[in-house]
Amino acid sequence: MRKKTENFIEIIYSSFSRKRVLILIAVIFFYFAYQSKIENFIELNLLIDKNFSNPWLDFVLLFISIYFSIFFFYKINNDRYVPSYNELVLGLLFVFNCFYYLFNSSKLNWEFTSTQISTVSFKYIYFLLAPIIVFLTSFFLRFIFISFSSVKPKPLNNLFDDSPISDTAEDELDYSEIVKKLKEVLIGQTSDKSFTIGLVGPWGNGKSSIIKMVKSEIEPKISFFERILAYLKFSNNKDLIVINFMPYLNHKEEDIISEFFTSLSKELSKFNGKLANQILEYSKRLTNIYKENKLIELFENISSKSADTPSKHLYDQINIRLKEVGKKIIVFIDDLDRLNENEILEVLKLIRNTADFNNTIFVVAMDKDYVINRLKINHEILDSKFIDKFFQLEIYLPELESIKLQEYFVKLLLKFKEKFNSDFELRLNNAMKNNFNLFNLYVKNFRDVKRVANQIIFEYPFFEKELDLKDFLNFTYFKLKFPKFVKVLNDNRNSFLEIDQTGKFYRLAEKEDENGKRPKQKLNILKNKNYGLNNFSNLDRYLIFEKLKANDSVNDLINGNNIDIDLLLKSLVSLFGDENKMENKHSIKFENNFRKLMQQKYLSTDLLQEEYQMLFKNSRSIENDLMQSRHLLPYELIEKLYQEKKIKELLSRFDYFNSNESSDIKWTILILGILLEKRKNYQLQFNEILILVNTFIQKLIDIQGHNKIYLDKWLITNFFDNVLSTQNRLILYQQILLNDNLNNYRSLSNKDLSTIILNSFKEYILELKNKADYTVDDFSIYDVYHAIKDADGIADDVRKTFISFWNAENIEILCIHMIDFGLFSGISYTLKKITTDIFGSPNNFFNFVEGLKTNTNEKIITEFIQLYKLISITNYSLFIVFEFKQSLKMIKIVNDELKKSIRSRNSEDSFTQVFFESNNLDMMNKLVSDIDLESQYGRLFLFTYEDKFYLIINLNNPLEIYNIRQVLSEKIIKKLHTESDLWEREKLTRKNLFDGQPFFKSTDSYIKIFSIQSNAK
C-alpha cells in the first residue's frame, strides 16, 4: 500500500513544474487582490431582475446540463480520456469561484436566480456546475482507482519490439560484468578534458541495452518520500549529470550542435543559471559558424584559439563554471551507426572539439566497421586510424553464441504457443534440431531473433496445417534476407526448379553427365547424422550453381558478394534440394505449398490442402475409362467451397496442378464440368473454365505419349453425358471434341459425332418445350444453335429442329429476338442477320410468323409484320423508327433500353420518319435530287420494293402532324406541280396523311404517305 501511495503522490508531484506552480500562485494572488473589481464587474454585467423566469430557458439549460454531464462521464470512463493540465486547472478554478460566491452571497447581498423543478428550487448556476463537477469527479475517481487498484490489466500478446532492456535481471547475454566495469569507469574517471568511451559491436548485439542498464545503475530510482527526506536533510548530493543524446532524431547537421547544447543547458540550469545561458550563447555562435560555412573553425581545437577570440573566451568561462558546479557530465550517444557520413562527422567533431569540456564523459555506441565505411564513401577520411583518436577507451562486445540465440528464439515463440496447435512446442524443438535449419547462418543477433520470431508468430498460423515448420523457418530467413529474389523465384521458377516425374513437387535441377544421366551421390546426406550446415558439399552438382555464379542480374539482387551467393545457394538447397527430405505432404517442395508461400495469401477464403485432397477422394473410381457412379462426384463439397468463397481459389489451384496420374486429371475434368454447370451461380466465366478443360485434356494426351487411346469416348460417357446438362453439352461438343489436339485420339468419325450432336439438340429442344415458361430474356437456344450449326452434314436438320420449337404461344418472343436495336438513333430497329441464317431469307421468316397468327396474337403479329415490311423496303440498310402499341413484352424492353441507354436522349435524338410511296420513278428521282429538300432534311433515301418506289425523309426536331402537311404543301407538292400540268393536287387531310390516300396523282401515277413514325415520347 505504501508503494502505491508513493507512486500516486509521485504522479501528482511530477505534473507540477516550477512554471506551473508559479502561474497557479499568481492566479490565486491576483484573484484575491482584485476581488473588489471582480465583484463590481459581476454586479454591473451579470445581475438580472429578481423575478426573471422563462420556462423555455429552464428547459434548454436543463437539457444542456444533462447532455454534457453524460458526455463527460462517458468520455472519461469509456474513452479513457485524460484531461490536460490546463483543462483540470480551469475546471477547478471555475468550481472554486462558483462555490466561493455561493457561500459569500449573503455578505455581498447577492441572491442567485432560481427556477422551480417539480417541488425543488434549483439555482441556475447549478446547471453550469453539474457538468464540470461530473467531469472532474469522474477523472479523479478513475485516477485514484487505477493508482490503487490491485487488479492490473492482463498484458496483451504483442509482437516483440526492438526496445532495449534497462534491468540487469532481464539480461539474456550476461552483460552484467561489462555493465559493472563501465559503471566503475564512469563513476571514478575524472579529467580536465572530455573522455570518450566507444561501445563497439555490430547491429543488434545489445549496445543500447548496455547503455540503459548502465544508466539505471548510475541513476538509481529512489522513492518520492526518500527524495523529500533527502531535501529536508540537505543531502541532495547528485554528483552526476546524465544526458541521453540521440543525434539521429535531428534532420540537419547543424541541428545536432543546437540540440546537444540545449539539452546540456537545460540540465545545468538546475545548478547554475548563468552557466546555462553561456552554453546557449556558445551553441548559437557555433551554429552561425556552421551556417556561414566557416568549417575550418570546427576542425580546429577550441583550446588552440587565441585568447582574445570571443569563442575561446566563452569556452574558458564555461569550463571555469563547470568546475565551480562540481558535477560530472555523462553523455550517452546511441546509434551512431544510424547516421550518414556527414552526421557521423558532426558528432565526432562535437565530441573532440566543441564539447571538449572539463570532467565530461561521452559513451558512444556504434558499429565501428559501418562508421569507417561510411566516412570512406566520400573520402571524408583516408585511414581507419582517424577514428581511433576520438576514443580513449573502446569496449568490444563479445560475439553472440548461436546456442544462446536459439534458446532465446524458442523462448520467445513459446510465449505465443497458444496461437498454434497443441504440438507446436514439439515441432519447434524438432525443427531447431534439424541439421538443415539455417538459423545459425541467418540469425546473428537479438534483433534478428525478434524479427524472425515476429514473422513466425504472424504468418505461421495461416500455414500451420499446410507447411512443415522447418521449411517455413528456412523460407522465412530466405525471404527476409533476399526479398527481391523471392519474386524472381516465383516469376521464373522453371529457370531454377523442375517438376519431378510424378508432377507433384518441385526440386532443384541437377547436372547430367555425358550420357545424359545424373551422377549418384557418394554421400548419403539424409542418413548422415553428422551432416550439418558447415558440410554443404557438392553444391556445384545443381544447375543453379552456375546460374547464380554467372548471372549478373541475379547478383544485383543480392548485392553480388560471394558470401550472399553462397548463402543463397545453401538456402535453395535446404528448401528444394535432395537434402530436404520429404517426410510428409507438408514439405515446401509440394507444388501447392510452394504456391501458397509464393502468393503470400492469408485469407479465410484460402483453400486448404486437406480440402483440396477431399475433392479427389473418389478419383480412383474411374477405372477402365468408365466412372462407376455419378453420385461419387464431390457436388456437396464444391457447393461448400462456394459458400466459403473458395471457388476462385480452386480454379487458381488448378493452374498449379502437376499430377501425372491419369485418374487425377480425368477427375479434375469432371470437377471442371460441375463448375461449368454452376458458372452463373458461382459467377465464373465460361471461357476460363473451357481453357482449363482443354488444358487438362492436353495433359491426358501428353502423358499417353504414343499410346493409342480414345479420349472422345471417355469424354462423351463421363464428362458430357454424366456431368453436363444438354445445353452445355451441345455448346462444348464442337469446342472440345473437334479440337485439333484430339484428332489422333478419337474413335468417332465426324459423321458419328454429328449424329450425336443432332440427337442431343433434339433432346434439348424437347426439354425447352416442356419448360413451363420460356422467357424473352432467355437466349440460350441461340448459344446452342451457334455452337452446333457448323457440324458436318446436319446444318439443315439443326435449322429445322430449331424452327420446330416456335409456336403460336411463343412466336412473340421469336419476333423480339430477331430485332436488332439501333445504337444512336433513338428507338429504331432492323432485322438480325441470324434470321437469314435460320430461315433462309427474311421473307421465309415473315411467312413463318404470318403462318402462326391466331385470333389471340393477331394484333401483336400484325404489328411486327408492319415493322418487318418497313425494314424490307430499305433492303435492311436503315434502322426503322417504329412505335409498338400491342406487344407488351416489346414495350417493356424498349422502356428498359431507354433507361440504361449509354447517353441520355434529348430533342436532337428524336425525329419523325416519313415513307412516301409512288409508282412513278421519275417523280421520285426529281424529289431525291432536289437540292433544297436535301439541304433542309439531310440525305434523302430512295428504295424500290415490289415494283413501287419509296422516298424516306427523317424530320429532325419532331414535327406535329400539321407541320408535316406544311412541308408537303410547300416543298413536295409545289415542286411536282411546277414540273407537269397533268398532275392533280388533292386537299391535304388526315385521310390523305394516315389512310394511305394519294395527295398528288395523275392518270397513271400517284404519290402518298405510306408510313409516319416518330420516336418522340
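So, aromatic pairs: the count comes to 70 here, where rings of Phe, Tyr and Trp (its six-membered ring) pair if their centres lie within 6.5 Å, with planes under 30 degrees apart called stacked, over 60 edge-to-face, and the rest tilted. Quick caveat, this is a predicted model, so local features need pLDDT of at least 70, side-chain atom pairs count only at pLDDT 80 or more, and totals for chains, interfaces and linings use all residues. Residues are numbered from 1 along each chain as its sequence is written, and side-chain values use heavy atoms, with hydrogens and water left out.

Okay, the pairs themselves. A pair of aromatic rings is described by the distance of the centres and the angle of the planes. Take Tyr460 and Phe472: they make a tilted pair, 5.0 Å centre to centre with 50° between the planes. Tyr460 is in helix α20 (residues 446–463) and Phe472 in helix α21 (residues 469–481), 12 residues apart. Helices here are DSSP runs (H or I, at least four residues), strands are too (E, at least two), and numbering goes from the N terminus. Both Tyr460 and Phe472 are buried, and buried means under 20% relative accessible area, exposed over 50%, partly exposed in between, with a 1.4 Å probe and protein chains only.

Next one: Tyr829 and Phe884 have ring centres 5.5 Å apart and planes at 80°, so that pair is edge-to-face. Tyr829 is in strand β13 (residues 828–831), while Phe884 is in the loop between β14 (880–881) and α43 (888–899), so the pair ties together parts 55 residues apart in sequence. Tyr829 is buried at 0% relative accessibility, and Phe884 is buried too, at 9%. Both belong to one aromatic cluster, whose members also include Phe821, Phe839 and Tyr868.

On to charges and rings. How far is the charged end of Arg338 from the centre of the Tyr248 ring? That's 4.6 Å, and the charged end sits over the ring, meaning CZ of Arg or NZ of Lys is within 6 Å of the ring centre and within 35 degrees of the ring normal. Lys699 does this with Phe696, its charged end 5.9 Å from the ring centre.

Arg80 isn't glycine, yet has a positive phi, near 55°. You'll find Arg80 in the loop between α4 (55–77) and α5 (85–103), partly exposed at 48% relative accessibility. Asp335 also has a positive phi, near 60°. Asp335 is in the loop between β5 (328–333) and α15 (341–354), and counts as buried at 10%.
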